[in-house]
Amino acid sequence: MKVLVLNGPNIARLDIRDSSIYGDFTYPQLVTHIEKAAQALGFEAEVRQSNEEAEIVGWLHEAADASTPVIINPAAFTHYSYAIRDAAELLKAPLIEVHLSNPIAREEFRHTSVISGVAKGTIAGFGPNSYILALEAMKNLMGK
Ligand code: DQA
């Protein structure tokens with residue numbers, strides 16, 4: 001079964017982001033980690049990243065049309081993109097929100113997620129394992 005794993009702005013530059021917050025690994029390493037775990041769980045993960053809101057909106061439309069389950073780290077868009085929220089609301093299969101860090105333990109502007117309200121649930125603060133926990137949760141949801 002296919003699962004779309006979408007990543008928002010700056011996630012592809014984990015190599016230069018604060019490793020004390022995001023961990024000491026690169027985006028290609030994160031992608032490999034997700035793909036391997038997905039395969040072990042019986043998913044075919046398609047992992048994408050964009051710095052552009054419109055592109056992410058388009059990918060969510062694609063997932064809505066194909067009834068594809070989605071795991072999304074909207075990155076900074078989490079906190080203010082009503083366009084991504086509205087597109088996420090169109091999905092027919094489950095949506096799980098993930099974060100590498102725990103935004104609630106950080107600056108106040110990160111405490112709001114405009115996406116959480118249309119997600120089945122949110123997994124945050126476990127580094128790359130947030131994605132693996134989300135894949136496990138997705139497997140559970142899709143098995144029902
Ligand atoms: C993030 C948290 C966001 O607040 C931040 O803007 C990101 C990454 C995370 O994965 O921890 O870019 O979504």
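A polar contact here is a pair of N or O atoms within 3.5 Å; within protein, one must be able to donate a hydrogen and the other to accept it, and residues adjacent in sequence count only if both atoms are side-chain atoms. The model is predicted, with local features requiring pLDDT of at least 70 and side-chain atom pairs pLDDT 80 or more, while totals for chains, interfaces and linings use all residues. Numbering runs from 1 along each chain as its sequence is written, and side-chain values use heavy atoms, with hydrogens and water left out.

One of its oxygen atoms lies 2.8 Å from a backbone N or O atom of Leu100, and an oxygen atom of the ligand is 3.2 Å from a polar backbone atom of Ala76. Arg110 places a polar side-chain atom 2.9 Å from a ligand oxygen. The protein buries 99% of the 320 Å² that the ligand exposes when taken alone (Shrake-Rupley method, 1.4 Å probe). Residues around the ligand (a heavy atom within 4 Å) include Ile11, Asn73, His79, His99 and Arg106.

Turning to aromatic rings, a search of the whole structure finds one pair. The ring centres of Phe77 and Tyr80 are 5.9 Å apart and the planes stand at 70 degrees, so the pair is edge-to-face (centres within 6.5 Å; planes under 30 degrees apart are stacked, over 60 edge-to-face, the rest tilted). Phe77 is buried, because its relative accessibility is 6%, whereas Tyr80, at 48%, is partly exposed (buried is under 20%, exposed over 50%, partly exposed in between; 1.4 Å probe, protein chains only).

Conventions:
Phe/Tyr/Trp six-rings, centres within 6.5 Å; stacked < 30°, edge-to-face > 60°.
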